[in-house]
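Take a look at the structure below before reading on. The report then goes through some of its contacts.

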Amino acid sequence: MTEQIDTIKLAHGGGGSLMQELIQKEIIPVLGGTGLNGLADSARLDVGAGALAFTTDSFVVKPVIFPGGDIGRLAVAGTVNDLAARGAKPLALSLAMIIEEGLPMATFRQILASVASTAREAGVEIVTGDTKVVEKGEAEGVFLTTSGIGQMRAGLDFGPERIEPGDVVIVNGTLGDHGIAVMSVREGLRFVSPVKSDVAPLAGMVDAVLDACGDAVKCMTDPTRGGVASNLNEMAQKVGYVLDEQTIPVRPEVRGACEMLGLDVLTVANEGKMLMVVAPEAVDKAIEALKGHPLGRNAVVLGVADGQAKRVRIKTSIGGERIIDTPYGEELPRIC
Amino acid sequence: MTTEQNESQRLIALIGKLSEKLPGRHMKVMEVCGTHTVTAQRSGLHSILPENLRLVSGPGCPVCVTPAGYIEQAVELTLSRGAHIVTYGDMLRVPGLTMSLEDARRQGGKITVAYSVHAALKLARENPQEKVVFLGIGFETTTPPSAYAVKVAHEEALTNFMVFSAHKIMIPAMEALLADPNLAIDGYLAPGHVSVIIGTDAYKAMTERYRRPCVVAGFEANQMLLGLVRILSQIISGSPAVESVYADRVKAQGNIAAQGLIDEIFTTADSRWRGVGVIPGSGLVLREAFSKYDAKQVFDLPDPQEKEPAGCLCANVIKGIDLPTDCPLFGKACTPNNPVGACMVSREGTCSAYFKYRKA
Amino acid sequence: MCLAVAGKVIQLEEHNAVVAIEGNQVEVTAILIPEVKVGDHVLVHAGFAITIISKDDHDAQCELLREAEAKAQALFGDKGQ
């Protein structure tokens, strides 16, 4: 029974395998050019002597203000991080807003202020924008779209094709913080969590690692929706990865919430994390550079690439091994 | 090595030694509960068991044993009769006869996913114009919340709240499987959290009648291994009995208050289990006194129909006769993204667990 | 079939409890365990506390393992490995 995609499902936007299917089957065939086909977090544009990275992203989050951040910070950090994943220094951002009528002015101002402060933190300016207001019920508070361009480093590029067996996956801290922080304030869940979203612009931190390690960094990607499970599978074309259940960095509060809600932390969203695949000899240097930055203090080795192409696996605590698949879409709280 | 790993190794060694005491005998132990299935798959348990000990999955995934016809009725309730369906996330993507609840939502159905029944009560209180229908699925652990909600609705005279019960009780199904000579189950690893409610005593009559070990275990891999150690020990010593290795979380008499609440609101009835058929006395329906809160009665719904998709082996998988990998659809036409049968939809469905956590 | 997690009751008002689960505070209905007190450890399923976990739960689990080992060893008719 093969299903025709006839209407858009929520899970098509969940960052999982269904979204991959939508991109591959519906979007690329229609819009694909050389830049889009690569599906990297940012496209590379060769202009004159240098190269630019160019990216765009839309942001919807319910509620628009959540512990540790808001949609404004999310929209700036998200696009900055997509540029950073390509090793690009952010130069300029655009910001388009679709606002639902009735949004409290105070909320709007708070979001704007947050856009401004996050942009300052990332060292980038909002240079162009657009605003539309739609009738109540046609949007959820406010939707933001940001596009960004960045200056790529001369002689450096990153991509999954450079990854080889033996390379090491590093992450700059604990997993699942954003997803759980947002979920804790969704209606109906009846729990209060100290977990704050990790949402943060990572260009400065990435810069520090590239300064230290140069092209020993093979590939970078920010594990947002779909979590690290999704990104590791995306990077598992030529190689596979093996993780160790015992050393996955997770806050106890996040672990507890995941257990309660029946979620796998590897599929929960992050907004201030970067997965960096580095050559084995550069691991110590990369971790040291990360730990020297406030956003990388909890950096650890997450896993190792090996020759089992397309297979992301995790060693379990009783000595077994299992496969980690790309999740279907956003995972829902469950009782079973 | 961590204590946990040390314990695992001791338990695995012990299971190996015990199974050697049963040469030539192939043992089939059923883990009744879907959460056990997930633990077994997640931890790679199957790969470390001796060859003559097979762990098969049972009918303890509420999503998997809920008839497709029930989902179809829930779909109709929202699409044709204007009900607002509130459901645990587990049910959203299960295929009904024509569509899932997720499909119905895309067609304009009102469907809210909730972690607990409290959300459904709140929705009913705040929206008196809505007819809020809570999908009551699951076994004894999951029934008290539904019973509580009916009681609260009754006390508050909340006239727009209803439960659509597909609740089931575990033991009649376990007995039906033991009575089936095709299955030849050698012992049960009994569900920890159902047992918290019903107590170990509830299994006594069954264990005496069928003379098969029945060991209640928790949901860590080591707790399951410990349960298997006890089952094998019982088989070797020829003394099948009910016992619990879930410490004193499980009492002999269970949770009396929970049992009382279930009994106050619900009464047993025959019930259809997807893949298994109708098992007498295995379902829970609202008592006559609470018919106002019973979606089945309010909307005058018939018993749900059943029609399994062609080629799907869910029925045999649920009964532990076939492994998911025996099914021609498994991993090909039927995947977690594109489920054909119920066992592939629920995360704790046997097929989904096999697919997701298949051995690397 | 039923996920349940352990936590500690930190507030209790009639049947409405707040349970701390690894630092998260979860609103839980405690009507199924009328004898519950603040400070008790409980098992939570779908927003309901279903049982009280005794203080020596962990020790009890370890004890069960030792017992099972002893009983199994007795079946082998020897004490050694």
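## Helices, domains and chains

Start with a helix pair. Helices α3(A) and α4(A) are roughly parallel to each other, because their angle of about 30° falls under the 35 degrees that counts as roughly parallel. This is a predicted model. Two packed helices are described by the angle between their axes and the distance between the axes. The axes of α3(A) (residues 71-84) and α4(A) (residues 105-122) lie 7 Å apart. The crossing of α3(A) and α4(A) is right-handed.

Which residues meet? From α3(A) come A:Ile71, A:Gly72, A:Arg73, A:Ala75, A:Val76, A:Ala77 and A:Val80. Facing them in α4(A) are A:Ile111, A:Leu112, A:Ser114, A:Val115, A:Thr118, A:Ala119 and A:Ala122. The residues of this helix contact divide into 10 nonpolar, 3 polar and 1 charged.

Now step back to the domains. The domain assignment of chain A gives domain 1 (41-152) and domain 2 (160-323). Their C-alpha centres lie 23 Å apart. In the contact, 25 residues of domain 1 of chain A touch 22 residues of domain 2 of chain A. On the domain 1 side, α3, β5 (88-100) and α4 of chain A each supply at least two residues. Helix α3(A) gives the most to that side, with 10 residues.

Next comes helix α5(A), residues 177-184. Is α5(A) mostly covered or mostly open? Helix α5(A) is mostly covered, with 8 of its 8 residues buried. Among them are A:Asp177, A:His178 and A:Met183. The buried residues of α5(A) pack against β3 (65-66), β9 (191-192) and α8 (252-261) of chain A.

Finally, look at where the chains meet. The contact takes 42 residues from chain B and 27 residues from chain A. On the side of chain B, elements including α1 (3-20), β4 (110-114) and α11 (221-237) each supply at least two residues. Helix α2(B) gives the most to this side, with 5 residues.

The table sorts residues by class for three of these contacts.

| Contact of α3(A) with α4(A) | 10 nonpolar residues | 3 polar residues | 1 charged residue |

Methods: Residues are numbered from 1 along each chain as its sequence is written. Chains are lettered from A and ligands numbered from 1 in the order in which they are written. This is a predicted model: local features need pLDDT of at least 70, side-chain atom pairs count only at pLDDT 80 or more; totals for chains, interfaces and linings use all residues. Two residues are in contact if their C-beta atoms, placed from the backbone, lie within 7 Å. Helices (H or I, at least four residues) and strands (E, at least two) are DSSP runs, numbered from the N terminus. Axes are lines fitted to C-alpha atoms, for helices over the stretch in contact, and angles run from 0 to 180 degrees between N-to-C directions. Angles under 35 degrees count as roughly parallel, over 145 as roughly antiparallel, 65 to 115 as roughly perpendicular and the rest as oblique. A crossing is left-handed if the near helix is turned anticlockwise from the far one by less than a right angle, and right-handed if clockwise. Ala, Val, Leu, Ile, Met, Phe, Trp, Tyr, Cys and Pro count as nonpolar, Asp, Glu, Lys and Arg as charged, and the others, Gly among them, as polar. Domain bounds come from an automatic or database domain assignment. A residue is buried if 20 or more other C-beta atoms lie within 10 Å of its own, exposed if 12 or fewer, and partly exposed in between; C-beta atoms are placed from the backbone.
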